[in-house]
Amino acid sequence: MIGNSCVSWLSKKQPTVATSSCEAEYRAAFSATVECVWLRRLLSDLSLEQPSPTCIFTDSQSALAIARNPVFHARSKHIEVHYHYVREQFHAKEINLVYVPTHENVADIFTKALSREKFEHFHKELGILQHPDSDHIQVHTIHFRGVCYT
């Protein structure tokens, strides 16, 4: 985000199988780091320096621990070396990894099935505007195995 405007986002299937959720989150942090560093350099070329590190939010405390502490971790021995670019950029103060509790992780709107209340809350947090024609859309309720889906 630059100001209140989203300028880059990505959602894709990871090309290889992660052996743990920590590794999957660390790989996601790697992809975000690559994009952040590229955008920082682009802005710098346009004479728009960013004095503070770019924040990358994650709900994985394990991934944060691996990035913040360069000591060998038993849980990180299977992570490929190039993913430690996250650690390098963290220590170079290009990025800052910030923990966000899972129940506050707005990015879940793109990756998880959410309750209507949670979806609407995250939708509002992202600043997404309601489409003018959305009042004319019918909402259907489906009952399946005793559960009501709207």
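Me: Is the crossing in which helix 1 passes helix 2 left-handed or right-handed?
Reply: Helices here are DSSP runs of H or I with at least four residues, strands are runs of E with at least two, and both are numbered from the N terminus. A crossing is called left-handed if the near helix is turned anticlockwise from the far one by less than a right angle, and right-handed if it is turned clockwise. By that convention, the crossing of helix 1 with helix 2 is right-handed.

Me: What pLDDT do local features need in this predicted model?
Reply: Residues are numbered from 1 along each chain as its sequence is written, and side-chain values use heavy atoms, with hydrogens and water left out. Because the model is predicted, totals for chains, interfaces and linings use all residues and side-chain atom pairs count only at pLDDT 80 or more, while local features need a pLDDT of at least 70.

Me: At what angle do helix 1 and helix 2 pack?
Reply: The axes are lines fitted to C-alpha atoms over the stretch in contact, and angles run from 0 to 180 degrees between N-to-C directions. The axes of helix 1 and helix 2 (residues 61-68) are 8 Å apart, and the two helices pack at an angle of about 60°.

Me: Which residues in helix 2 do Cys22, Glu25 and Tyr26 in helix 1 meet?
Reply: Contact here means heavy atoms within 4.5 Å. On the helix 1 side stand Cys22, Glu25 and Tyr26, and the residues that they meet in helix 2 are Ser62, Ala63, Ile66 and Ala67.

Me: How many residues in the contact of helix 1 with helix 2 are nonpolar?
Reply: Ala, Val, Leu, Ile, Met, Phe, Trp, Tyr, Cys and Pro count as nonpolar, Asp, Glu, Lys and Arg as charged, and the others, Gly among them, as polar. In the contact of helix 1 with helix 2, one residue is polar and one is charged, and the number of nonpolar ones is five.

Me: Which residues does glutamate 25 touch, not counting those up to four places away in sequence?
Reply: Glutamate 25 has its place in helix 1, and its C-alpha atom is separated by 9.3 Å from that of leucine 64, 39 residues apart along the chain. Beyond four places in sequence, the residues that glutamate 25 touches are Thr58, Asp59, Ser60 and Ala63.

Me: Which residues form the covered face of strand 1?
Reply: In a regular strand the side chains alternate between the two faces of the sheet. Strand 1 (residues 54-58) has Cys55 and Phe57 on its uncovered face, while its covered face holds Thr54, Ile56 and Thr58.

Me: Which residue in strand 2 does threonine 58 stand opposite?
Reply: Two strands pair if DSSP finds at least two bridges between them. Strand 1 and strand 2 (residues 95-99) pair in the parallel sense over five bridges. Within strand 2, the residue opposite threonine 58 is tyrosine 99.

Me: How many disulfides does the count come to?
Reply: A disulfide is a pair of cysteine sulfur atoms within 2.5 Å. The sulfur of cysteine 36 has its closest cysteine sulfur in cysteine 55, and because these lie 9.2 Å from each other, they are too far for a bond. By this rule the number of disulfides is zero.

Me: Is serine 47 buried or exposed?
Reply: Serine 47 lies in the loop between helix 1 (21-45) and strand 1, and its phi is near 60°, a positive value in a residue other than glycine. Most residues other than glycine have a negative phi, and most peptide bonds are trans. Buried means under 20% relative accessible area, exposed over 50%, and partly exposed in between, with a 1.4 Å probe and protein chains only. Because the relative accessibility of serine 47 is 63%, this residue counts as exposed.

Me: What is the relative accessible area of lysine 93?
Reply: Lysine 93 is found in the loop between helix 3 (85-91) and strand 2, and its phi, near 65°, is a positive value in a residue other than glycine. Lysine 93 is exposed, because its relative accessible area is 58%.

Me: Which residues does asparagine 105 touch, not counting residues up to four places away in sequence?
Reply: Asparagine 105 sits in the loop between strand 2 and helix 4 (108-111), and it counts as buried because its relative accessibility is 12%. Leaving aside residues up to four places away in sequence, asparagine 105 touches Asp59, Val100 and Phe122.
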